[in-house]
Structures are given as C-alpha cells and as structure tokens.
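Dear colleague,

I am passing on the structure we spoke about, and below it you will find a short account of what came out of the analysis. Please read the notes with the model open beside you.

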Number of protein chains: 2
Amino acid sequence: MAGSDPLSSWNEGSTKQSILDFVRGVTTAGSPHFVKPEDRIAVFDNDGTLWSEQPSYFQLAFVFDRMKAMAPQHPEWKDNPLYTAVLNNDMKTVAAGGLKGLLELATVTHAGMTTDEFAKIVADWIASARHPKFNRLYTDIIYQPMLELLAYLRANGFKTFIVSGGGVEFMRVWVEQVYGIPPEQVIGSSIVTKFEMVAGVPVLTRLPQLNFMDDNVGKPVAINAHIGRKPIAAFGNSDGDLQMLQWTTINTGSRLGLIVHHTDAAREYAYVASSMGKLDVALKEAATRGWIVADMKNDWNRVFAFEDQK
Amino acid sequence: MAGSDPLSSWNEGSTKQSILDFVRGVTTAGSPHFVKPEDRIAVFDNDGTLWSEQPSYFQLAFVFDRMKAMAPQHPEWKDNPLYTAVLNNDMKTVAAGGLKGLLELATVTHAGMTTDEFAKIVADWIASARHPKFNRLYTDIIYQPMLELLAYLRANGFKTFIVSGGGVEFMRVWVEQVYGIPPEQVIGSSIVTKFEMVAGVPVLTRLPQLNFMDDNVGKPVAINAHIGRKPIAAFGNSDGDLQMLQWTTINTGSRLGLIVHHTDAAREYAYVASSMGKLDVALKEAATRGWIVADMKNDWNRVFAFEDQK
C-alpha cells in the first residue's frame, strides 16, 4: 500500500479524501475546478504545521543556546533580568517578557554578523542540537504526513512555499534538504540587513532591528509581496495562520484550507491554548469556512518518520 | 541563422562570445566552472536593461497619466506646485523635486486602493498608453536581444529574476506575458499594504507609505531577502545596479556581470549622464571587475522586435 499511496501516512477517511478530491479537481483538464499549473500555489506555515513547536518554538531553543554560547563575551548581561532568565533556563520569566522580550532576544542573538556567518552558525546548531523530548535532531521532528503532502502537491504541479513567523534566514539553511523547498520559496520574519564592502568584499551585515514580522495579518501581506498571486491552498495550525487561510480560501474557485490539530499527547503533544501555537479563532472559523481540520491522533497513522507505522 | 542561433540579435564578437562561454562553462558537467541547476540564478534590472527608460521611466509616464485622470477629483492639487507641474507636463519642475518629489507622486497615485484594483488600473494603462517617440505600446519597447538572452539562460537551466527599482506591483501585471518571468520572480520597490476584511472579503489596501526602495544598496538586500542565494549572473545598465553587480560577481567561481550601454541614438537613445539611468561608477568598475559592456549600437543587430533586422 505504501508503495502506491502518495499519502500513506494519512488514514483513510474524510480528511484524506478531501485533500485527494481537491487535487483531482484542480488538476483535471476540463474539470470546472481546473487551475493552470502556474497558479497552483500552496503555502505552508512551518512551526506546528511542518515540524513541531513544542515544548517551545525550535528557534527559541536556538536563541537560548546562542545566548549561552555568547554569554562569556557579555559580562554585562548579568545585570539584565531577561538575559539572566535565559541563561538560567527560566522560561517563566522569558514568557512573561512577551513578544517584545522574544524579539529582543532574537535580535541580540541573530544580529552583529554577516548573512554568511549567520548561516554557518545555524547550520552548526541544526546539525547538533537535540529536541528535549525525543532526543533527536530538530530536523527529525518533522511530520511525515506533511512531507508526503508536500511531495504529492509538487507531483501534481504545485509550487510549495513556506510562510512562517520564523526567521527566514534561520529556515533557509536547512529547509531545502528537509522539505525539498528551495530558499526562494521560503518567506519568513526578518531583521534589517545592510550592504557594505569590507576589505573589497561585499557583505550583508545583520542589524539588531526587526524588518518584518511574518505572522497574522503579516502573512497575506508577505504572500502578496513575495509571490504576487493568491495561493489556492493554505496549511496552518494556529491563529497566526488565520489571515493566510482567509486570504487563500475566501475566493471563487476551488480552494483548500487545512489546519493541523495537535491532539496526540502520546506521539507528539496535545494542545490548543499553548503560549506557542494558540488555536482558537481559526478553529472556530474552520467550520464556517469549510477548512479541513486534520486530527493528528486520528488522521495520521504515523507522525514522524522514525516511528514504526501503526 | 536565426533559426539555430539562440542569440540571433547579437552580433558576432567578444560580447556575444563571452556570454556563450560563460553559459557553456557553468552548464558543462565536469567543467571546473560547472554550477548545479538550482544555483543558476540570474538577476536582471528592468528599466534600461530589459525595456527602455527614456525619455523618462515608463512608470513615471504612468504616474503622470494617473495624476491627470485623478485631478478632477482633487481640486486642492492646484495649490501644490509639484502636482501642478505634473498636470502641466512641466518635467523640469518635477525633476527639480528629486527623488523625494517622485516618491510623493508615486505614493499619491499608487495608494488608496486594493491590490486587485491597482492591478486593474495598471493593466488598462499598459494596454493603451503609448511611447512618445515610437508611438507604440510600452511593452513593445523591450530589447529583443535581452529577450533572447532570458530565453537562452532559461533553456540552460537558469531561473531568471527581475530586480528593479520599479514598483513590484506595477511590473507584475505584465512581465509574465512579456518576459516569461512569473510574478514570484519579480523583485521591486514597494509601498506598505494592509490586510483588512471588507464586507467579509479579505483585501490588501495600498497605503501612501514607502515600504522598500529596491535600488543601489537595496538590490543585494532584496536579492538576499527574496531569493536567499547569490546569483551567478547579473544584468544592469546604470549606477543603480552597481551593488547588485558587485554582490553577484565578487565571488569564487565563474560569474557574469553585464552592463547594457545605451549608445544608439538612432534606434533608441544614447546617454550616460541622463537623470534616468546615470552610468558612471559602474562603467568605470566594469573594466577592473571584468564586467561585459554590451554596446547597443555595435553589439545588437536589432534593438526592438518591430525593427527590420539589419
């Protein structure tokens, strides 16, 4: 079965059937739902949609590791309660700092080097850091059913994009190898970069200043800025994906919206009200908009490639 | 000859040979210059490189036409010297307003509607407005040799991008049909857009505020932000392309930088010091960097498709 079924990690049922029906409709010449290949744009959130986002966003683990690595060069950090909280793994204080605190930590750890230097730092980290629950590389904590979905859509002429709140230069280092999505199809949050000639060599220096936050209302803005046409399929898991789902699906023609619902505490995590990946408004709207809710526990016979298939 | 030569509008000589040699090198397996297909990224300026930019940027003609169309609804404009200058075709006063004045005119005419509404306005204009010298649609005033170059690179596995100071949403309306470049491979200047639900329908509203200026040092910044890898070939025509040429070519491996030099007053225009498309520093640097200077008069046997071939 696995050999012939492009979505073998998805259980038979209405969720899987809805995906298959949508793709058949938009790819069948003469179908009233047919969409030209160049307009088959599919957008995927990353954290909680393609890979896990618990116990905290993986990029936040990177931030913590970077703070610890950089601390010896920054004795002044001991006077900063937020920085000290990070160094003491005091997630409660860090969380209390809210988005503003997280952005400050991100800029401190993500700026002050060239883009090439940053890519090297990320590459080294992603090749060695391990997830606390699974004790595996973070790039192993990706959802096998979503990998199959990416490949299935591409095999049907779709161009697949990531549209994530995560840092675009953090993701681009590894997404091509892991998801088969090239760097130019990765959209994310970013900080300001500055072009300079240094000793006759052109570099882009990363500055400690937010450029764009690719979340909530930012997602359709970024999709339009980067892709320049409307997607026909959108995949998310939290309220941060609400506007992307609206922008994609409230339209004429056949459209697919899908929410990955984290319902499997045994194989992954079960949550809706987490500080990472809150799912409330988007879940309520799913019913009225016709968005598919993929129930991880019931719709997926395998979550990660390293599991045995049920 | 035209049937077998992918660059038939280019005269035989060192310019054409340099292009052919570069492409052969990066596409020949086993060559020391070989580049994997996914890394064959080529970036093209638009104004003055793919289409003409004289007697003024074509988007400025669009701005003038929009101001005139909008003027009846804006009696208050008669008290604004810059706006009055536009309405009186007083280019001297407009030019004296410099970049700041042009940006103000651009935001006044490019904002205050949704992205879909703006696209419709551009589509109507580009289908009807005519170039003052050639009395043809602006989309006819594109360089046939550059069209051949785009097609030739794509046939050799390159992905071609536009990286222009022009407005990204102004270009995307027509570039796919004219250049064969899809919207997601068009990078340009932009204004801020805002996501809103209007009567239950999601829209992006264009605000009168500059978001990003894709010129000079902005070009490598935008290339990195959008593409996420370094191009191996860059094509420009003015000092606004200097940093893009540096970013692309100052690197290990085989790289191609090319400057379109406007030397043909009879068939197009001859200029280096125009207020549009000034070419000074980049031309001087071409010699030391090994950038090719394509002399329109001598290297191109045809400039526009509507000409007879010499």
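**The contact between the chains**

Chain B contributes 33 residues to the contact, and chain A likewise contributes 33 residues. Please bear in mind throughout that this is a predicted model, and that the values below are computed from it. Putting the two chains together buries about 2,800 Å² between chain B and chain A, with carbon and sulfur atoms giving 54% of that area. On the chain B side, the residues that lose the most area to chain A are Glu184(B), Phe195(B) and Trp247(B), which together account for 21% of what that side buries.

**Chain A by itself**

Turning to the fold, chain A has a secondary structure of 13 helices and 7 strands, and its C-alpha atoms fill a box of roughly 65 × 45 × 35 Å along the principal axes. Of the 310 residues in chain A, 57% are buried, and among the contacts in chain A with a separation of 6 or more, 67% are between residues 24 or more positions apart.

As for the surface, the accessible area of chain A comes to about 12,600 Å², and 55% of it belongs to carbon and sulfur atoms. Chain A carries 29 positive and 34 negative side chains, and the centres of these two sets lie 2 Å apart.

With best wishes

Key
Residues numbered from 1 in each chain as written. Chains lettered and ligands numbered in written order. Predicted model: local features only at pLDDT ≥ 70, side-chain atom pairs only at ≥ 80, totals over all residues. Heavy atoms only, no water. Helix = DSSP H or I, 4+ residues; strand = E, 2+ residues; numbered from the N terminus. Buried < 20%, exposed > 50% of the residue type's maximum accessible area, 1.4 Å probe, protein only. Contact = heavy atoms within 4.5 Å. Areas by Shrake-Rupley, 256 points an atom, 1.4 Å probe, with all protein chains shown as cover. Lys, Arg positive; Asp, Glu negative; His and termini not counted. Charge placed at Lys NZ, Arg CZ, Asp CG, Glu CD. Buried area = accessible area lost by both parts, 1.4 Å probe.
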